[in-house]
Amino acid sequence: MLVIKNLHASVEDKEILKGINLEVKAGEVHAIMGPNGAGKSTLSSVIAGREDYEVTEGEILLEGEELIELAPEERAHKGVFLSFQYPIEIPGVSVTNFMKTAINETRKAQGLEEMPANEMLKMIREKSELLEIDRKFLSRSLNEGFSGGEKKRNEIFQMAMLEPKLAILDETDSGLDIDALRIVANGVNKLKSKDNAVIVITHYQRLLDYIVPDFVHVLHDGKIVKTGGKELALELEEKGYDWIKNEN
Ligand code: ADP
Ligand code: MG
Ligand code: MG
C-alpha cells in the first residue's frame, strides 16, 4: 500500500525528517509514536502533500505510484486521507452537505459521475449508524461550536464516507479527552478492512489501549529509531522515550 524510502524533508531549510523508511501493507494498522518535536506531524503532512514542507530526498509510493510530485487534492483522490488537526468552520454548511460536495468532487476528479442522491443518502445512513452518529449532528454547521469530541466524530465520519485506502490520523491535538480518543478508536476499529491501511500518529499510549496496532514505530529526531508490535507501546508507557534516545 505505502512504501516510504529514505525520506528527507525540510521546513524553511531546516531538515526535520532525516531518512524515514516505512512499509505499510493493506489490512495493517501502524502507530507512530515519539516525543514532541520528533517530526510526527511533519511526516503526516509530507505524505498528504501539504505546502511548506520540501522533500529533499527519497520516495513515497502509494500502490507503487510516486506521490511526491502530486498536489494534496490529487493524493486525496488517490485515496490518501489525513485527519485535520485544526478543522475549518463553515457556518451554514451542514456536515452532510459538506460531505456530499466532498464526495462528488472526488468522484469528478476520478472521472466518475455524481453519486445519485438516493445512493448518497443510503451511504450517509449506513455510515452514520455504523459510527453511532446522531441525525441531529449531521445537520449541524460544519465545525461551528463543535466540542473536541464532535470534531473527532466529524473527522471519522469523513473518513468513513471517503473510504480512503490510506488513512492517517494525527492525534497530537492537546485537547483530546477520553471521549474523543474512544470516538477515534471505535471509528478506526469499525472502518479498518483487509483493503485499507491506517497510520495512527500519537504521543498518547492511551489511544493504543483502544486501537490495537500491528506495528508501533518510534520516531525520534526525524528518524524511526525503533519498531515493534503492540507491546512496544506498553513498554513506552512504562519507560518513556529516554531509553530509546539513549540507545541511539
Ligand atoms: P511532532 O508532531 O512529532 O511533535 P512536528 O512534526 O510538529 O513534531 O515538528 C518537528 C519539528 O519541525 C519541530 O522542531 C517544529 O518546530 C518544526 N516544524 C514543523 N512544522 C513547521 C513549520 N510549518 N514551520 C516551521 N517549523 C516547523
Ligand atoms: Mg508536536
Ligand atoms: Mg505533531
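# Close-up views of a predicted model

**View 1. Helix H7 and what sits over it.** Let's start with the residues tucked away in helix H7: Ala180, Leu181, Ile183, Val184, Ala185, Gly187 and Val188 are its buried ones. Keep in mind that this is a predicted model. Look around those buried residues and you'll find that their cover includes helix H6 (148–162), helix H8 (207–210), and the strands E9 (166–170) and E10 (197–201).

**View 2. Helices H3 and H6 side by side.** Two packed helices are described by the angle between their axes and the distance between the axes. For helix H3 (residues 95–109) and H6, that angle is about 35 degrees, and the axes are 10 Å apart. Is this crossing left-handed or right-handed? The crossing of H3 and H6 is right-handed. Zoom in on the place where they meet: H3 brings Val95, Met99, Ala102, Ile103 and Thr106, while H6 brings Asn154, Phe157, Gln158, Met161 and Leu162. Sorted by class, this contact has seven nonpolar residues, three polar ones and no charged ones.

**View 3. The surroundings of ligand 1.** Now for the ligand. How many residues surround ligand 1? There are 13, and the closest are Val11, Ala38, Lys40, Ser41 and Thr42. Helix H1 (residues 40–48) gives the largest share of this shell, with three residues.

View 4. You'll find Leu82 in strand E6 (residues 80–82). Why does Leu82 count as buried? Leu82 has 24 C-beta neighbours inside 10 Å, and a residue is buried if 20 or more lie within that distance. Setting aside neighbours within four places in sequence, Leu82 is in contact with Ser44, Ala48, Ile168 and Asp170. Check out Leu169 too: Leu82 and Leu169 are 87 residues apart along the chain, but their C-alpha atoms are separated by 6.0 Å.

**View 5. Two glutamates with a positive phi.** Most residues other than glycine have a negative phi. Glu12 has a positive one, near 45 degrees, and Glu63 also has a phi near 45 degrees. Where are they? Glu12 is in the loop between strand E1 (2–11) and strand E2 (14–24), and Glu63 is in the loop between strand E4 (53–62) and strand E5 (65–66). Glu12 counts as exposed because it has 8 C-beta neighbours inside 10 Å. Glu63 is exposed too, with 12 other C-beta atoms within 10 Å.

**View 6. Arg140 in its loop.** Last stop: Arg140, in the loop between helix H5 (135–138) and strand E8 (141–142). Arg140 has 16 C-beta neighbours inside 10 Å, so it counts as partly exposed. Which residues does Arg140 touch, not counting those up to four places away in sequence? Arg140 touches Ser94 and Val95. Val95 is also one of the H3 residues that meet H6. Compare Leu67, which is 73 residues from Arg140 in sequence and 35 Å from it in space, C-alpha to C-alpha.

Note on methods. Residues are numbered from 1 along each chain as its sequence is written. Chains are lettered from A and ligands numbered from 1 in the order in which they are written. This is a predicted model: local features need pLDDT of at least 70, side-chain atom pairs count only at pLDDT 80 or more; totals for chains, interfaces and linings use all residues. A residue is near a molecule or strand if its C-beta atom, placed from the backbone, lies within 6 Å of it. Helices (H or I, at least four residues) and strands (E, at least two) are DSSP runs, numbered from the N terminus. Two residues are in contact if their C-beta atoms, placed from the backbone, lie within 7 Å. Axes are lines fitted to C-alpha atoms, for helices over the stretch in contact, and angles run from 0 to 180 degrees between N-to-C directions. A crossing is left-handed if the near helix is turned anticlockwise from the far one by less than a right angle, and right-handed if clockwise. Ala, Val, Leu, Ile, Met, Phe, Trp, Tyr, Cys and Pro count as nonpolar, Asp, Glu, Lys and Arg as charged, and the others, Gly among them, as polar.
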